[in-house]
Amino acid sequence: MTDFDKPATAASAAETVPDTTVGVPQAVGSAPSTSFLEVRDLRVHFPTDDGLVKSVDGLSFQLEKGQTLGIVGESGSGKSVTSLGIMGLHTTGQYGRSKARVTGEIWFDGQELLGADPDEVRKLRGREMAMIFQDPLSAMHPYYTVGKQIVEAYRVHHNVDKKVARKRAIEMLDLVGIPQPDKRVDSYPHEFSGGMRQRAMIAMSLVNNPNLLIADEPTTALDVTVQAQILDLIRDLQKEFGSAVIMITHDLGVVAEMADQLLVMYGGRCVERGSAEEVFYQPQHPYTWGLLGSMPRIDREQTERLIPVKGSPPSLINIPDGCAFNPRCPYADVPKGNVTRTVRPELQQVSSGHYSACHLSAEQRTRIWTEEIAPKL
Amino acid sequence: MSENETKAAEPAQAAVKPKGEPLLKVENLVKHFPIRSGLMQRQTGAVKAVDGLSFEVYPGETLGVVGESGCGKSTMGRLITRLLEPTSGKVEFEGNDITHMSTAKMRPHRRDVQMIFQDPYSSLNPRHTIGTIVSAPFKLQGVTPEGGVKKEVQRLMALVGLNPEHYNRYPHEFSGGQRQRIGIARALALNPKLVVADEPVSALDVSIQAQVVNLLDDLQQELGLTYVIIAHDLSVIRHVSDRIAVMYLGKIVELADRASLYKAPMHPYTKALMSAVPVPDPRRRGVKSERILLKGDVPSPIKPPSGCRFHTRCWKATEICLTQDPPLLELKPGQQVACHHPENAADQAPGEEIVAEAKDAVKVVDVAKDA
């Protein structure tokens, strides 16, 4: 194997990224980002009668053009809330109906989005960044034909007449592989099958050639053969347009196939981040180990038993002090030097580009992974 | 890789040898749901959800049923539990024909066959406590367990890993995984012989999914249960099953023991299905570089294609496939397949010309990303 096997340099010397201890998010390095997309200390909190729900609590990552970032996590870990946050869909503009409190910074192509004028963001949304939703039946309008909806998405950003836009819609439907696009353009969403609907939605998202595509569980509702078609389509389109893609899913198989970078979320925070190769082969967080152990593998020799994570995901209202994974962590009782349990572990660099937020020392983690976990998978 | 698989194959095959009389025997099972229209509500067609299934389930084994949505696997589950009455065919449980048994006569049999449902949110009555839900089978069957109902319910709750003190709580107080455990406790209340589980883990998160899969496994060991597990996830099915039936449009296209099916699938559909499963290993992107992509969608079960139902999407289709429905034949010990031109076995109809449409029925893609 590679040099990832070697334990990282002493944990005390490990770099801490990012500095989330600063109370006022605006104070965190406001230097413009050089990355295509950079999220800095994103927090999305929802005040409710029961308390503050911290759906996303201090998330940072960067993404370059042509790259695919996979975000994995269980339901309630904040994956979708993050994507809606990037798209600026939490704040409903002047009416302020959404109670979400979004703080942090989102740098998109050199522009900061969270503090920007909502009208400016609207110009980007759909044109520069677009989203594919999980359930195409509820994401498309049942009263309008598929063609009309694609035409609308195009004409919002392009000053063209309906005929030109319709031609563009047919072109897009053809591109995503819908048979007889010139006829199907006048169909309603209910006349499409699940896979075709998902294709139509992809056509709608891509009609303006966005540079950033966020796919939120794009294949979860689909059968495995259709899923393969859709993933193939997204891969092809990414190759053709060089867009950056954020792939949100709970299926480790899908991310292994699609993602260059991987971000594992738990309880609204990133617990591990790195290249897909490193996260799969040198995972550095007990939760990632748990995910890998929970998954029956089609490509491996039959294992007798799965190694599940005990317990259930935390409530986002009462996230435990310290590490959110602590109550479920099998290594919570391993002595960790002078670490206080109630302190939240920060992301620390394990190797170049690979970060993990765990109180275990790098040596401990490497030892547990290579000696206890890896042989059982 | 092949070494690993042969090693895994040996114990699996040993465990699969059918022992004695089948617990459940299904012959030519058919279920058509009528479509009525017009003023007189005359039947104008039928959804052929299940169209001629024959299989057996032996005591102590797990039969996995896998297929895409709309292939009739859930209908099959409801037919063998007699929640639906078959249009034709025969279902035998322990030698008794239960196909058209009346509700009253069926009742004593019900305790032997239980079901676990997919959605743990809609399969539990929100206004009943867990105690009421898990004890309902006793009430319906007029059974008083030893030591009283409450004690037995608490024993069952402990058995599936729930806190017995939560007897008086309501379903909304539990998480998805815990609710699924409640459903399992209810199914086990009457000591059933056969448990039919329809997508028991697909609504659960990955980490919870593993807990439930392990629980089902433990309970089978402990109680000697027989399972029919219906699922669309091929990795889960492979993990839990001894034998696997692959369904396509209301028919079984392949029925084989686990090792043979995953190592050498014979039906082209099975092969395509397997190659479509994303492999959770980034390094495989370079190694396993070919994937068979089926085009289009599953045809409608209202008007299934003539002959072999898969011929519209099959890359090996010939004239005979368009006209003749291939029978389910045992081409290798423990591996039955319904195909004229199987993979990994002798051609059943040699010398046929592949039809023109079949030539571009699939797209073989390179999964390896340009590195």
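User: Which loop of chain A holds A:Gln180?
Analyst: This is a predicted model, where local features need pLDDT of at least 70, side-chain atom pairs count only at pLDDT 80 or more, and totals for chains, interfaces and linings use all residues. Residues are numbered from 1 along each chain, chains are lettered from A and ligands numbered from 1 in the order written, and side-chain values use heavy atoms, without hydrogens and water. A:Gln180 sits in the loop between α5 and α6 of chain A.

User: Is A:Gln180 buried, partly exposed or exposed?
Analyst: Phi of A:Gln180 is near 50°, a positive value in a residue other than glycine. Buried means under 20% relative accessible area, exposed over 50%, partly exposed in between (1.4 Å probe, protein chains only). A:Gln180 has 49% relative accessibility, so this residue is partly exposed.

User: What is the relative accessibility of A:Glu217?
Analyst: A:Glu217 belongs to the loop between β7 (212-216) and α8 of chain A. Phi of A:Glu217 is near 50°, positive in a residue other than glycine. A:Glu217 counts as buried because its relative accessibility is 8%.

User: Which residues does A:Val176 touch, leaving out those up to four places away in sequence?
Analyst: A:Val176 lies in the loop between α5 (162-175) and α6 (181-184) of chain A. At 1% relative accessibility, A:Val176 counts as buried. Its C-alpha is 8.8 Å from that of A:Ile230, 54 residues away in sequence. With contact set at heavy atoms within 4.5 Å, A:Val176 touches A:Arg199, A:Ile202, A:Ala203 and A:Leu233.

User: How far apart are the C-alpha atoms of B:Pro171 and B:Ile182?
Analyst: B:Pro171 is in the loop between α5 (149-159) and α6 (176-188) of chain B. B:Pro171 counts as buried, at 2% relative accessibility. Beyond four places in sequence, its contacts include B:Leu124, B:His128 and B:Arg179. Along the chain B:Ile182 is eleven residues away, and the C-alpha separation is 8.7 Å.

User: What covers the buried residues of α12(A)?
Analyst: Helices (H or I, at least four residues) and strands (E, at least two) are DSSP runs, numbered from the N terminus. Helix α12 covers residues 362-373 of chain A, and its buried residues include A:Ala362, A:Arg365, A:Ile368, A:Trp369 and A:Ile373. Their cover includes, from chain A, α10, α11, β11 (348-351) and β12 (354-356).

User: What share of the 377 residues in chain A is buried?
Analyst: Chain A has twelve helices and twelve strands. Of its contacts with a separation of 6 or more, 66% join residues 24 or more positions apart. The buried share of chain A is 53%.

User: About how much area do chain A and chain B bury between them?
Analyst: The contact takes 54 residues from chain A and 45 residues from chain B. Buried area is the accessible area (1.4 Å probe) that two parts lose on being put together, summed over both. Carbon and sulfur atoms hold 51% of the area buried between chain A and chain B, and the total is about 4,600 Å².

User: Which residue of chain A meets B:Asp218 in a salt bridge?
Analyst: A salt bridge puts a side-chain nitrogen of Lys or Arg within 4 Å of a carboxyl oxygen of Asp or Glu. Between chain A and chain B the count is two. At 2.7 Å, N to O, the side chain of B:Asp218 meets that of A:Arg305.

User: Which helix gives the most to the side of chain A that touches chain B?
Analyst: Four helices of chain A each supply at least two residues there: α8 (224-241), α9 (252-258), α10 (276-281) and α11 (286-294). With eleven residues, the one that gives the most is α8(A).
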